[in-house]
Amino acid sequence: MVRRGLQDHVAGRVVSRVEVMHPRAIRRHLPGTVDFGGRVAGHELVAARRRGKYLWVDLSSGEAVLAHLGMSGQMLVQPPGTPDEKHLRVRLTFADDGPELRFVDQRTFGGLSVEPVVTVDGVPLPAPIAHIARDPMDPAFDRTAAIAALRRRRTEVKRALLDQTLVSGIGNIYADEALWHARLHWARPTDTLTPRKTGELLDAATAVMNAALDVGGTSFDALYVNINGQSGYFDRSLNAYGQEGLPCPRCGRAIQREPFMNRSSFSCPRCQPRPTTS
DNA sequence: TAATGGTCCTGTTTGC
DNA sequence: TGCAAACAGGACCATT
């Protein structure tokens, strides 16, 4: 959705000015703020692209502006003169004096950088994400290869699911939902999963991502290049994530919360029994 | 305070 | 046997 918004609202436009309000938002751009501005200003934003959780916009210079929204990042398209958002980090102004592009991020876990473009398997990608796997929405996504990659990892299934070098785009929330659909506990070792079951899990993750995109789509405003999928989707469509103590929509047993990698995993103790060995 | 998501860094294992 | 690459796991970031 964000990619689509960028494509519709800023592709084909020439950047006239770059303002970085918070240096942390540009921390991945190692040459610094001045260099960042110099590589973006004066160039046309050619096309918006996405892989997994990364977004980028090709520049007419041949480089690309790479973005990660982190937990709280937003891309907004606002008319010039609109009051600055509290957490406005970067503003791009255009030569046509039309709407500005604003990167707003409360926690600044996300950020922007200008990167060279490299070719991987015939596909142009910003260099830092050359190792990121295709996401399930990618037309060239190889489901069989992804299943094999997930099963090859010697770890817990949720860790494999979150590994962006195996399949990209799946985060903590989508992982919990996919595991719930596939009736798998997050700590299940990957080497106990059949290809069929792994495929079921992967398909569930894909369905959750598509559902989130659909909901994000309905909240799309002409001026807003989306607000990260959070809107109505969180409250309405989640079966396990964040539902501690609430009944499992499938069997009625209370959803449990367990610590996982300095955060949480939510699951149904009945539908998703913990594996017997640890 | 403890909780949040996604790297990203570091120590370990594997493979040539 | 030695080295580099791949792997696995946990720390860390800012904010409320």
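The residues of the surface near DNA strand B divide into 6 nonpolar, 6 polar and 5 charged, where Ala, Val, Leu, Ile, Met, Phe, Trp, Tyr, Cys and Pro count as nonpolar, Asp, Glu, Lys and Arg as charged, and the others, Gly among them, as polar. This is a predicted model, in which local features need pLDDT of at least 70 and side-chain atom pairs count only at pLDDT 80 or more, while totals for chains, interfaces and linings use all residues. Residues are numbered from 1 along each chain as its sequence is written, chains are lettered from A and ligands numbered from 1 in the order in which they are written, and side-chain values use heavy atoms, with hydrogens and water left out.

**Domains**

- Chain A is divided into domain 1 (2-128) and domain 2 (143-267), with bounds that come from an automatic or database domain assignment.
- The centres of domain 1 and domain 2, taken over C-alpha atoms, are separated by 28 Å.

**The sheet and its helices**

- Four strands form an open sheet in the order β2-β3-β4-β8, with antiparallel pairing; strands here are DSSP runs (E, at least two residues), as helices are (H or I, at least four), numbered from the N terminus, and two strands pair if DSSP finds at least two bridges between them.
- At the edges are β2 (45-51) and β8 (111-115), each of which pairs on one side only, and the twist from one strand to the next averages 20°.
- Strand β3 (residues 54-59) is joined to the antiparallel strand β4 (residues 64-68) by 5 bridges, and D58 has A64 in β4 as its bridge partner.
- Helix α1 (residues 2-10) packs on the sheet, touching β2 and β3 (contact means heavy atoms within 4.5 Å), and its direction makes about 175° with that of β2; axes are lines fitted to C-alpha atoms, for helices over the stretch in contact, and angles run from 0 to 180 degrees between N-to-C directions.
- Helix α2 (residues 33-40) also packs on the sheet, where α2 touches β3, β4 and β8, and its direction makes about 65° with that of β8.

**Around DNA strand B**

- Of the 17 residues around DNA strand B, those that come nearest are R28, R107, Y241, R263 and S264; a residue is near a strand if one of its heavy atoms lies within 4 Å of it.
- Both α5 (172-182) and β12 (263-267) supply at least two residues each of the surface near DNA strand B.
- Among the atoms of DNA strand B within 4 Å of the protein, 61% belong to sugar or phosphate, and the rest belong to bases.
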